[in-house]
Amino acid sequence: MSRAFLAVASAEHVERGRVGGFMQVCHGKRAPLQRVRPGDRVVYYSPTVSFQGRDRLQAFTAIGVVKDGEPYPFDMGGGFCPFRRDVAWVAARVAPIAPLLARLDLSSGSPSWGVRLRAGLLAISDRDLETIARAMGAALPAAVRAA
């Protein structure tokens with residue numbers, strides 16, 4: 001059965017991955033991506049528009065399904081070679097997190113819910129993924145929906 005993950009990155013970085021058909025987390029580290037398997041569902045949360053920016057966004061910005069294959073290195077030049085995984089992104093709109101906080105297991109009424117996101121990649125409940133997907137107007141393929 002597929003699992004659900006929440007990844008964290010700026011909206012600009014998420015957009016690069018969405019356009020390129022990949023995900024990259026935790027500044028390109030391989031280990032977090034090894035936890036994710038083909039068929040798992042992933043949603044990105046973007047606290048800001050730009051990397052290290054003060055331009056707060058606090059919204060879900062992409063959602064999709066991890067494709068077959070393993071994490072692979074990608075040479076971005078300048079000695080930076082992060083690891084990526086391929087993802088089949090689905091059509092979705094940006095959805096602010098604030099209206100969902102009271103309904104998500106992730107936040108469970110905690111005012112310090114954002115601290116958990118510092119990990120960069122965390123497992124979330126199927127219920128949370130479905131709630132987020134509905135808010136984003138996204139339809140995940142039936143083959144990977146939780147039974």
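Which backbone oxygen does the side chain of Arg85 reach?

1. The model is a predicted one. In it, the side chain of Arg85 reaches the backbone oxygen of Gly69, at 2.3 Å. Arg85 is found in strand E6, which covers residues 83-89. Although Arg85 is buried, it has no salt bridge. The nearest side chain of opposite charge belongs to Glu70 and is 4.7 Å away, whereas a salt bridge requires the nitrogen and the carboxyl oxygen to be within 4 Å.

2. The largest nonpolar core comprises 24 residues. Those with the most contacts inside this core are Leu6, Val43, Phe60 and Ile63. Two or more residues each are given to the core by strands E1 (4-8), E3 (41-48), E4 (56-66) and E8 (121-124), and by helix H3 (126-136). The largest share, 4 residues, comes from H3. Apart from this core lies another, of 17 residues, including Ala9, Val42, Val66 and Phe83.

3. Leaving out residues up to four places away in sequence, Phe60 touches, among others, Leu6, Val43, Tyr44, Leu104, Ile132 and Met136.

4. Tyr44 lies in strand E3 and counts as buried because its relative accessibility is 3%. A polar atom of the Tyr44 side chain lies 2.8 Å from the backbone oxygen of Gln24. Beyond four places in sequence, the residues that Tyr44 touches include Ala7, Val25, Phe60 and Trp89. Tyr44 and Leu117 are 73 residues apart in sequence, and their C-alpha atoms are 11 Å apart in space.

5. Phe51 is found in the loop between E3 and E4. Is Phe51 buried, partly exposed or exposed? Phe51 counts as partly exposed, because its relative accessibility is 43%. Leaving aside neighbours within four places in sequence, Phe51 is in contact with Ser10, Glu12, His13 and His27. The C-alpha atoms of Phe51 and Ser125 are separated by 27 Å, and these residues are 74 apart along the chain.

6. The count of disulfides is 0. Cys26 counts as buried, at 17% relative accessibility, while Cys81 is partly exposed, with a relative accessible area of 39%.

7. The structure holds 4 salt bridges. One of them joins Glu15 and Arg18, with the closest N and O atoms 2.8 Å apart. Both residues lie in helix H1 (residues 11-20), 3 residues apart, or about one turn of the helix. Glu15 is partly exposed at 36%, and Arg18 is partly exposed at 37%.

8. Asp126 forms a salt bridge with Arg41, the closest N and O atoms being 2.5 Å apart. Asp126 lies in helix H3 and Arg41 in strand E3, so this pair ties together parts that are 85 residues apart in sequence. Arg41 counts as buried, at 0% relative accessibility, whereas Asp126 is partly exposed, at 27%.

9. Arg127 forms a salt bridge with Asp105, with the closest N and O atoms 2.8 Å apart. Arg127 lies in helix H3 and Asp105 in the loop between strand E7 (95-96) and E8, so the pair links parts that are 22 residues apart in sequence.

Key
Residues are numbered from 1 along each chain as its sequence is written. This is a predicted model: local features need pLDDT of at least 70, side-chain atom pairs count only at pLDDT 80 or more; totals for chains, interfaces and linings use all residues. Side-chain values use heavy atoms; hydrogens and water are left out. A nonpolar core is a set of buried Ala, Val, Leu, Ile, Met, Phe, Trp, Tyr and Cys residues joined through side-chain atoms within 4.5 Å. Buried means under 20% relative accessible area, exposed over 50%, partly exposed in between (1.4 Å probe, protein chains only). Contact means heavy atoms within 4.5 Å. A disulfide is a pair of cysteine sulfur atoms within 2.5 Å. A polar contact is a pair of N or O atoms within 3.5 Å; within protein, one must be able to donate a hydrogen and the other to accept it, and residues adjacent in sequence count only if both atoms are side-chain atoms. Lys and Arg count as positive and Asp and Glu as negative; His and the chain ends are not counted.
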